[in-house]
Amino acid sequence: MEKWQCQQSSKFCETLKNKNPSDLQHWQNEHSKYFTECCESKNDKDLKDYDKEVKINTKDIFEKDLENGKSSDLEKRTQWNAYYRMIIPLKSKGNAIIKMTFEMSKIEKGVTDQDIEKTKQFILSINKTWNNNFTLLVTDTQNQCCTIKLPIQFDIQFAYKGEKIPNGERNPHKIALYKNIPISPEGIDRPRLERGRTFILATDPNPYNKTYTFIHEFGHALGLPDEYGYDDYIDSILQYRKPDGSLDSTQYSAFHNGKNRPLGDPQESIMGVFNSCRITERQGWVIGIAANKVIDNKRYQCDIIFNGNNNSCSLWKK
Ligand SMILES: [Zn+2]
């Protein structure tokens, strides 16, 4: 016989035997406010701390096709893999942490130490913006009373090319830092993320070269799409996948030719509107998809709780 041990004193373990659904409901309501609540077996081999680097292709994160049902060549060409290391302390409890190292892989001549420092500070705004918006909810399907809630935090580190990667990834992100933004083969003259891993950034006074853009490009590093379309004439329809991989029924219109929604639009978000600081629930689902890959055990189902948008617009609206 296994012995179940409660993390916090709870009546549920006593009522587990009589399987009264209203008791279960009552217990779940009572304890939903806790950081973690779980009846755990000490000898449970699956209940451990998980730590893995994941690779997720954007086709497993969202679908984006032209409104006329055709797929856009440009969207297809810009599919990418998102890489990050994720720590899920299912046993020891605490924050679930997404770890990314930014390796300075190319620094153009003339870029100063102060420029580099300023770029690092811009990038560290990612923590302030993306932290505290989401909680990872892990349900143990073999033990119904067990749901574990782990707040999601980001850990961003830096390295110069050739140095040890502080966050230990095999596929660190790269920064190519220029004085002026080099134009991409597609003619894009703004800071951007290339092939899902290389941030093309610059120190020039380009209006796009500000905190907003760094935060937005980081969203792409997580695997999130632009919520505007790339076709010159036809709008795109965007659908996100939920943590279990199923396609969400909501279809977002992504306007053609990169046209942004106005600030204040109900569908405004950081991935679709210049200078928006609004992170939405759908933008957390990718973390749930990643968490399911990290744990990789059908017994545990990862979902995302949206805590509301806790970031501060004042970050870049000074
Ligand atoms: Zn973008």
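Predicted model: local features only at pLDDT ≥ 70, side-chain atom pairs only at ≥ 80, totals over all residues.
Select residues 285–295, which make up α6. This helix is mostly covered, with ten of its eleven residues buried. Colour the buried ones: Trp285, Val286, Ile287, Gly288, Ile289, Ala290, Ala291, Asn292, Val294 and Ile295.

Next, widen the view to the core. The largest nonpolar core holds 58 residues. Which of them touch the most other members? Select Met86, Ile88, Leu136, Ile287, Ala290 and Ala291. Helix α6 gives the most to this core, contributing eight residues.

Stay with Met86 for a moment. Set aside its neighbours within four places in sequence, and its contacts are Lys52, Val54, Ala96, Ile98, Ala290, Ala291 and Val294. Of these, Ala290, Ala291 and Val294 are among the buried residues of α6.

Last stop: two packed helices. Select α4, residues 113–130, and α5, residues 211–222. Their axes are 9 Å apart, and the packing angle is about 65°. The two helices are therefore roughly perpendicular to each other. Turn the view to see α4 pass α5 in a right-handed crossing.

Which residues make the contact? From α4, show Phe122, Ile123, Ser125, Ile126 and Thr129.

Technical notes
Residues numbered from 1 in each chain as written. Axes fitted to C-alpha atoms, helices over the stretch in contact; angles between N-to-C directions. Helix = DSSP H or I, 4+ residues; strand = E, 2+ residues; numbered from the N terminus. Parallel < 35°, antiparallel > 145°, perpendicular 65-115°, else oblique. Left-handed = near helix turned anticlockwise from the far one by under 90°. Contact = placed C-beta atoms within 7 Å. Core = buried A, V, L, I, M, F, W, Y, C linked by C-beta atoms within 7 Å. Buried ≥ 20, exposed ≤ 12 C-beta atoms within 10 Å, placed from the backbone.
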